[in-house]
Amino acid sequence: MADIKDPENTIIMTLKGGDVIIELLPDVAPAHTARMKELARAGKYDNVCFHRVIDGFMAQTGDVANGNMEDGFNIGRAGTGGSDLPDLPAEFSKIPHARGSLGAARSANPNSANSQFFINFKDNDFLNGQYTVYGQVVSGMEHVDAIVKGEPPMNPDRMISVKVAADV
């Protein structure tokens with residue numbers, strides 16, 4: 001596992017294959033960083049499926065309203081919701097959508113990000129400046145690469161748990 005430099009701004013996401021360590025970017029996207037930590041600390045991301053996983057592009061998850069595979073789950077609804085918290089304003093930056101970067105999923109409205117996010121499988125420069133980047137996988141990307149593909153997957157993978165490293 002990677003050395004954790006800033007436990008308060010590091011996420012430990014447990015997938016079926018092992019832990020994924022994500023360094024958040026509070027100096028770049030403070031609101032998105034704070035939202036991820038708030039939802040993680042409330043256990044809202046635990047058991048949430050990866051509802052949109054496109055090979056060679058990205059894996060999307062984080063629908064805390066409809067994606068929890070242990071609470072009235074319906075794959076047809078996963079990806080249509082967020083949290084009960086207000087949407088976030090865009091925090092665009094010069095940080096590229098590189099392999100392993102964490103991007104805020106949203107609707108056509110740039111200020112509609114809420115709880116959903118995606119992890120890029122490869123450099124996706126065409127997303128630069130259009131979606132907020134607020135984290136980077138520093139360890140465990142092989143577990144992200146192994147997530148079951150599909151839009152939606154027939155038998156989706158899930159985030160088993162999502163924790164702030166300072167709390168572990």
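## Contacts along the chain

Among contacts in the protein (heavy atoms within 4.5 Å) that link residues at least 6 apart in sequence, 68% join residues at least 24 apart.

A word on what you are looking at: this is a predicted model, in which local features need pLDDT of at least 70 and side-chain atom pairs count only at pLDDT 80 or more, while totals for chains, interfaces and linings use all residues. Residues are numbered from 1 along each chain as its sequence is written, and side-chain values use heavy atoms, with hydrogens and water left out.

## Overall build

The protein has 168 residues, and its radius of gyration (over C-alpha atoms) is 14 Å. That agrees with a compact globule, which would come near 15 Å by the rule of 2.2 Å times the number of residues to the power 0.38. The C-alpha atoms fill a box of roughly 35 × 35 × 30 Å along the principal axes.

Of the 168 residues, 50% count as buried, meaning under 20% relative accessible area with a 1.4 Å probe and protein chains only; exposed means over 50%, and partly exposed lies in between. The protein exposes about 7600 Å², with 50% of it supplied by carbon and sulfur atoms; the areas come from the Shrake-Rupley method with a 1.4 Å probe.

## Helices and the sheet

Two helices and nine strands make up the secondary structure. These are DSSP runs numbered from the N terminus: helices are H or I with at least four residues, strands E with at least two. Along the sequence, the pattern reads β-β-α-β-β-β-β-β-α-β-β.

An open sheet of nine strands has the order β8-β3-β4-β6-β5-β7-β2-β1-β9, with antiparallel pairing. Its edge strands, β8 (158-159) and β9 (161-164), each pair on one side only. Pairing here requires that DSSP finds at least two bridges between two strands. Leu102 has Gly135 in β7 as its bridge partner.

## Two loop details

Glu151 and Pro152 are joined by a cis peptide bond, with omega about -5 degrees. Pro152 lies in the loop between α2 (141-145) and β8.

The other is Asn47, which has a positive phi of about 70 degrees although it is not a glycine. Asn47 sits in the loop between α1 (30-41) and β3 (48-54). With a relative accessible area of 21%, Asn47 is partly exposed.
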